[in-house]
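This report describes selected parts of one protein chain and its ligand. Please keep the sequence and the structure in view while reading.

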Amino acid sequence: MMSTLTFLVLLIGLVTLLEGKYRCDYTYDAAAGGYLKLQRIPANWREARLRCHLEGSKLASPLNADLSAAMRRLMKEDGMKCGIFTGIHSTFSRGDFHSVEGVPLPNIPHKWAEGEPDNYNDKESCIMMLENGDIADVTCEEPLPYVCFKKSSKRLHVNGCGLTDPEYALDIRTGSCYKFHRVPRTWSRAFMTCTAEGGQLAIINSETESTVIKEIFAKNPPASMPGNFWKEVAFMGFHDWGEHGEFLTIEGDTLTEAGFAKFSPGEPNNATTGEFCGAVYRNGMYDDLWCENKYAFICEKSPDSLACDDD
Ligand SMILES: *[C@@H]1O[C@H](CO)[C@@H](O)[C@H](O)[C@H]1NC(C)=O
Ligand SMILES: [Ca+2]
Ligand SMILES: [Ca+2]
Ligand SMILES: [Ca+2]
């Protein structure tokens, strides 16, 4: 447990370090007017859009010459030979291409690659950009790398949790930042969301942290969560890893090793479908849940997990 003084020193250091920076996995491009990140791991278009969104940015499109140049520079620096997905798509209405910001294709400067667009097999609703800036219509299902873009002035308010998201709050009792997500997701999507935010699904490591989780839950009554889902539980960072019978944290520890192994009375009950994913009740004690149902979830993040140490 950190002393208050240590904590304050740490916090002041962090605030100085992070002031005005979006996140250190993004680089600022003044001409493009924002922060960019090349996502090297290819994803289908839907996943690509979601990952950028969960990181607080948007799937990048060459909306103007400067942004296009910045995107191509990232590809070139990486030696990327294949194309990248852009945010331009016609998944809402086939043939009506818009960027994810809603800009129609005719308003975006573009040059089609030779032989494009051909809507091959009548299955091409996404737009890829080549290294030379030319575009082609492609299927949204075949994974490609992509770029995320955060349009912004240079100065951003980054809080003590290293993020611009005001919903992340530091708890000095544990030294971790937490966010309660009221938009329900499956366990896997919840995992993705926390990761995109530079954290992970929360793990309870002490009785104190169980109390912290209970208090966070209390600040999020059922009425604060729109939608038709069970609001007494939230996904957490443990799983049976496909070996039905033993739960381990997403850091590979048994719950006992992690420091807290209390399940709510009657749990784990492996109800109906089989329950292989970790969760917590409002009382701060664990539950097992079916991974594919959508529930609220809690992310936990080290305050400096997105901090830049190069400048
Ligand atoms: C939980 O239920 C599922 C499906 O009924 C079953 O496959 C699984 O082995 C059960 N897990 C345990 C720990 O009993
Ligand atoms: Ca094509
Ligand atoms: Ca923890
Ligand atoms: Ca259960």
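In helix H4, which spans residues 187–196, the buried residues are Trp187, Ala190, Met192, Thr193, Cys194 and Ala196. Helices (H or I, at least four residues) and strands (E, at least two) are DSSP runs, numbered from the N terminus. A residue is called buried when its relative accessible area is under 20%, exposed when that area is over 50%, and partly exposed in between (1.4 Å probe, protein chains only). An α-helix has 3.6 residues a turn, so residues three or four places apart point the same way.

The buried residues of H4 pack against helix H2 and against strands E9 (176–185), E10 (200–201), E11 (233–239), E13 (277–281) and E15. Contact here means heavy atoms within 4.5 Å. After H4 comes glycine 198, which has a positive phi, near 85°.

## Basis and confidence of the model

The model is predicted: local features need pLDDT of at least 70, side-chain atom pairs count only at pLDDT 80 or more, and totals for chains, interfaces and linings use all residues. Residues are numbered from 1 along each chain as its sequence is written, chains are lettered from A and ligands numbered from 1 in the order in which they are written, and side-chain values use heavy atoms, with hydrogens and water left out.

The predictor's confidence in each residue, from 0 to 100, is its pLDDT. The chain has an average pLDDT of 92, and 92% of the residues score at least 70. Over residues 8–19 pLDDT stays under 50, and the model has 16 contacts beyond four places in sequence for them.

## Glutamate 300 in strand E15

Strand E15 (residues 295–301) contains glutamate 300. Glutamate 300 counts as buried because its relative accessible area is 11%. Beyond its neighbours within four places in sequence, its contacts include Ser176, Tyr178, Gln200 and Ile203.

The side chains of glutamate 300 and serine 176 are joined by a polar contact of 2.7 Å. A polar contact is a pair of N or O atoms within 3.5 Å; within protein, one must be able to donate a hydrogen and the other to accept it, and residues adjacent in sequence count only if both atoms are side-chain atoms. A polar atom of the glutamate 300 side chain also lies 3.1 Å from the backbone nitrogen of isoleucine 203.

## Two buried serines in loops

Serine 57 belongs to the loop between helix H2 (45–54) and strand E3 (58–59). Serine 57 is buried because its relative accessibility is 6%. Its side chain makes a polar contact of 2.8 Å with the side chain of tyrosine 26. Tyr22, Cys148 and Phe149 are among the residues in contact with serine 57, leaving aside neighbours within four places in sequence.

Serine 99 is located in the loop between strand E4 (84–89) and strand E5 (126–129). Serine 99 is buried because its relative accessibility is 2%. Its side chain forms a polar contact with that of glutamate 101, at 2.7 Å. Not counting residues up to four places away in sequence, serine 99 touches Ser61, Leu63, Gly87, Ile88, His89 and Ile108.

## The ligand site

Which residues surround ligand 1? They are His244, Gly245, Asn270, Thr273, Gly274 and Phe276, where a surrounding residue has a heavy atom within 4 Å of the ligand. Taken alone, ligand 1 exposes 360 Å², of which the protein buries 46%. These areas come from the Shrake-Rupley method with a 1.4 Å probe; for residues, only the protein chains shown count as cover.

An oxygen atom of ligand 1 lies 2.5 Å from an N or O atom in the side chain of asparagine 270.
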